[in-house]
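Open your viewer and load the model. Keep the selection tool at hand.

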Amino acid sequence: MGALLLHFLCVLPLALLLLPLGAAGQTREVTVYFWEFNRDEPGDDMIPFKRFVDARAPLRPTIEALIAGPTEAENRDRYGSVAYGGMKLSDVRVKGSTARIDFVREIRKDCNPGDLQTLRFEAAVIRTAKQFPNIKKVIVCVNGMNEFGIGMVEDRPKPCPTNW
């Protein structure tokens, strides 16, 4: 068993050296935002957390990291995901300096995220997307609608623009 382990430890570094050039090092550090619920004083804050994503096209994996939520350790420290209602990323498109980020979620009578949760989600998506210098404007859509803030409370969400 010891000889097998020694062989493995000798061969592994050589195998790693033979990986195609560029396979390693094509990630970049990005920031995602979660909400802090562990404060003693009133209110809550959006806190930045670092993640590593594919550097070639970082926007989509960054948004995926955002909706994946905090790690187990971050969760224990009472940082919370801003995604709600089984949110899933549907599409990410960029035209010029505008990003349109579409999500889908199941609408259920027993799950009403309320206006604050929807506004937190929208704010976190916008802040996360705008870290990239080419993104100046962000359109956030859920099931083809802008369901954030008062439109959600009054059950009058606005349709997302078709031409942007």
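Here is a short tour, stop by stop.

**Confidence**

Start by coloring by pLDDT. This is a predicted model. The protein averages a pLDDT of 80, and 73% of the residues score at least 70. Now select residues 5-23. Here pLDDT stays under 50. For this stretch the model has 0 contacts beyond four places in sequence. Where pLDDT is low, the predicted coordinates should not be read in detail. Move on.

**The sheet**

You will find 3 of them in an open sheet, ordered β2-β1-β3, with antiparallel pairing. The edges are β2 (45-54) and β3 (79-80), each of which pairs on one side only. Next, select β1, residues 27-36. Strands β1 and β3 run antiparallel and are joined by 2 bridges.

**A helix across the strands**

Select residues 59-68. This is helix α2, and it lies across β1 and β2. Look along β1: the helix runs at about 30° to that strand.

**Salt bridges**

Now show side chains. Side chains of opposite charge can pair when their charged atoms come close. The count of salt bridges comes to 7.

Pick E74 and R51. They form a salt bridge, with the closest N and O atoms 2.6 Å apart. The pair links distant parts of the chain: E74 sits in helix α3 (residues 72-76) and R51 in strand β2, 23 residues apart. Are these two side chains buried or exposed? E74 counts as buried because its relative accessibility is 13%, under the 20% cut-off. R51 counts as buried too, at 15%.

Stay on helix α3 and pick R76 and E72. Their side chains meet in a salt bridge, 3.2 Å from N to O. Both residues lie in α3, 4 residues apart, about one turn of the helix. R76 has 57% relative accessibility, so it counts as exposed, the cut-off being over 50%. E72, at 62%, also counts as exposed.

For the last stop, select D102 and R93. Their closest N and O atoms are 3.7 Å apart, and the two form a salt bridge. D102 counts as buried at 9% relative accessibility, while R93 counts as partly exposed at 36%. Salt bridges that share partners join D91, R93, R100 and D102 into one network.

Note on methods
Residues numbered from 1 in each chain as written. Heavy atoms only, no water. Pairing = 2+ DSSP bridges. Contact = heavy atoms within 4.5 Å. Axes fitted to C-alpha atoms, helices over the stretch in contact; angles between N-to-C directions. pLDDT = per-residue confidence, 0-100. Salt bridge = Lys/Arg side-chain N within 4 Å of Asp/Glu carboxyl O. Buried < 20%, exposed > 50% of the residue type's maximum accessible area, 1.4 Å probe, protein only.
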